[in-house]
Amino acid sequence: MDFSLSEDQQAIGDLTARILAEKGSHEQQRALEKRGGPRFDRELWSAVADAGLLGISVPEQHAGAGLGFLEVAAILEQVGRRTAPIPLFETVVLAALPIAEFGSAAQRAAWLPKIASGEAIGTAALVEDAPSSAARDGDVFSLSGVKLCVPAAEFADVVLVPAEVDASGARSEPKASEDRSGGETFFLVDPKAPGVQLDAMATTSGMPESLMTLSGVRVGPDAVLGSLGAGAKLRAWLELRATAALCMISLGACEAALDLTSEYIKTRKQFDQPIAMFQAVGHRAADAFIDTEAIRLTSWQAAWRISAGLDAAKQVAVAKFWCAEGAKRVVHAATHLHGGVGVDKEYPLHRYFRCARHLELARGGGTLQLLKLGKLLAAE
C-alpha cells in the first residue's frame, strides 16, 4: 500500500512552505518579537489567506476548496516547521471545521466565507477548571464561567464556547416550539460582546492565549452550534481533531530542529573534525532522528484515519504520546548539541524548543494519553 501524499496534497504543503519561508522567515519573526506586543504577523496572515490556505477544508459552496483533514495536516506541519506567528490552527481546526460540520446553514454562510478569505479569525474555549453555565430566559441564554488558555482569543471574531444548559432553569414560560433540552452545548460567542473579559496569559511558546471570563453574556438561539445538549459529541469530535492537529505542528517543529542540528554538527569543528564524528554526538543525533520518525509516522497515521472517516481515538492518543515524550527529547538534544548557540534568540532553535514544550502538555501530556489509551483498549 502507498501511504505517501498525493501530488495535490504535496503541492499544498510545498505552497505553504514557500509562503512561510518568504513572509515568515527567522529574521522577520525576530523583528516582530523585538517590536513587542502579541505574536501575530498580519502580513503573513494575509499572504496565507490570499493563497487560499485558510479555506482548504471549507466547503466549495462557501468559497473554500472542500478538501479534507490530510490537506489541513500538510499545512500545519509547515506551520510547525516555521513556528509561524499566525492563528491558523485556531481558525481552521478549532473554528472552521466544527462550524462546517455542525453549523446551521445560516452559521456556515455567515462565518465560513469570512474565514476562508482571512477576514475572520476563530477559536474555541475548550479548557476549564469547571463547566460554564448557560441559564435560560425564554429563547435567550446567559453564559457565565471562566475559560483557560483560549488561543488567539484577543484577535478572534468568534469563539466556540461550551456551557452546561439547565433545562429546568428557565425564568419565563417556554414557547410551544422551544427546545427545552439541557446538557453541554456549544455557543458561538463574540469575544467583544458585553460581559466578556479577556486577560492575556503568559505562555511557553509566546503564542497568545487568554483567560476568558463570561459574566452573563447573552446570546440568542442562533448562537447554538449543533443542537442543545449535544455538546459532548461535538467536544469529542473537535478535541480529536485538535489533538491530531497539534501533533502535526509538533512534528514540523521537531523536523526543523533536527535539520538545524544536523547541519550544525556537520559544520561545527573541534580537534579539526566535525563534532558529528564524535560517537556521543552521533548517538544523541540518531536518537533524535528516531524520535522524529516515530512522531512523523504516528501523527500521519492519526491524520489519515481522521481524513478517511475511521475511528482514530487510539491512534491520536499514541501520536500525542510521542509528541509529548519524543518531541521533548528531540528539542533537548538539539539544544544540547548546539551548545550556547542553541539558547541564543538570534538563532531560530529556541522557537522550536519553546513550541515543542508548549505542545507537550497542550490537550494532555504523555501520562494522560497513556491513561486514555488504556481505557480505550480495556473497552474493546
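## Helix H7 against helix H10

In this predicted model, helix H7 (residues 231-267) and helix H10 (residues 349-361) have axes that come within 9 Å and cross at roughly 150 degrees. H7 is therefore roughly antiparallel to H10. The crossing in which H7 passes H10 is left-handed.

On the H7 side, the contact is made by Leu 246, Ile 249, Ser 250, Ala 253, Ala 256, Ala 257 and Leu 260. These meet Leu 349, Tyr 352, Cys 355 and Leu 359 of H10. By class, the residues of this contact are ten nonpolar, one polar and no charged.

An α-helix has 3.6 residues a turn, so residues three or four places apart point the same way.

Which residues of H10 are buried? They are Leu 349, His 350, Arg 351, Tyr 352, Cys 355, Ala 356, His 358, Leu 359 and Glu 360. The list includes Arg 351 and Glu 360, which count as charged.

The buried residues of H10 pack against several elements: helix H2 (26-35), helix H4 (69-82), strand E7 (209-219), H7 and helix H9 (313-338). Just after H10, the backbone at Arg 363 takes a positive phi of about 60 degrees.

## Helix H4 against helix H5

H4, one of the elements packed against by the buried residues of H10, also pairs with helix H5 (residues 88-102). The axes of H4 and H5 come within 10 Å and cross at roughly 160 degrees. That angle makes H4 roughly antiparallel to H5, and their crossing is left-handed.

In H4, the residues in contact are Phe 69, Val 72, Ile 75, Leu 76 and Val 79. Their partners in H5 are Leu 88, Phe 89, Val 92, Val 93 and Leu 97. The contact of H4 with H5 has ten nonpolar residues, no polar ones and no charged ones.

## Cysteines

How many disulfides does the structure hold? The count is zero. Cys 323 is in no disulfide, and its nearest cysteine sulfur, that of Cys 247, is 3.7 Å away; a disulfide would need the two sulfur atoms within 2.5 Å. Cys 323 counts as buried because its relative accessibility is 2%.

Cys 355 is buried, with a relative accessible area of 10%. This cysteine is also one of the H10 residues that meet H7.

Key: Residues numbered from 1 in each chain as written. Predicted model: local features only at pLDDT ≥ 70, side-chain atom pairs only at ≥ 80, totals over all residues. Heavy atoms only, no water. Buried < 20%, exposed > 50% of the residue type's maximum accessible area, 1.4 Å probe, protein only. Axes fitted to C-alpha atoms, helices over the stretch in contact; angles between N-to-C directions. Helix = DSSP H or I, 4+ residues; strand = E, 2+ residues; numbered from the N terminus. Parallel < 35°, antiparallel > 145°, perpendicular 65-115°, else oblique. Left-handed = near helix turned anticlockwise from the far one by under 90°. Contact = heavy atoms within 4.5 Å.
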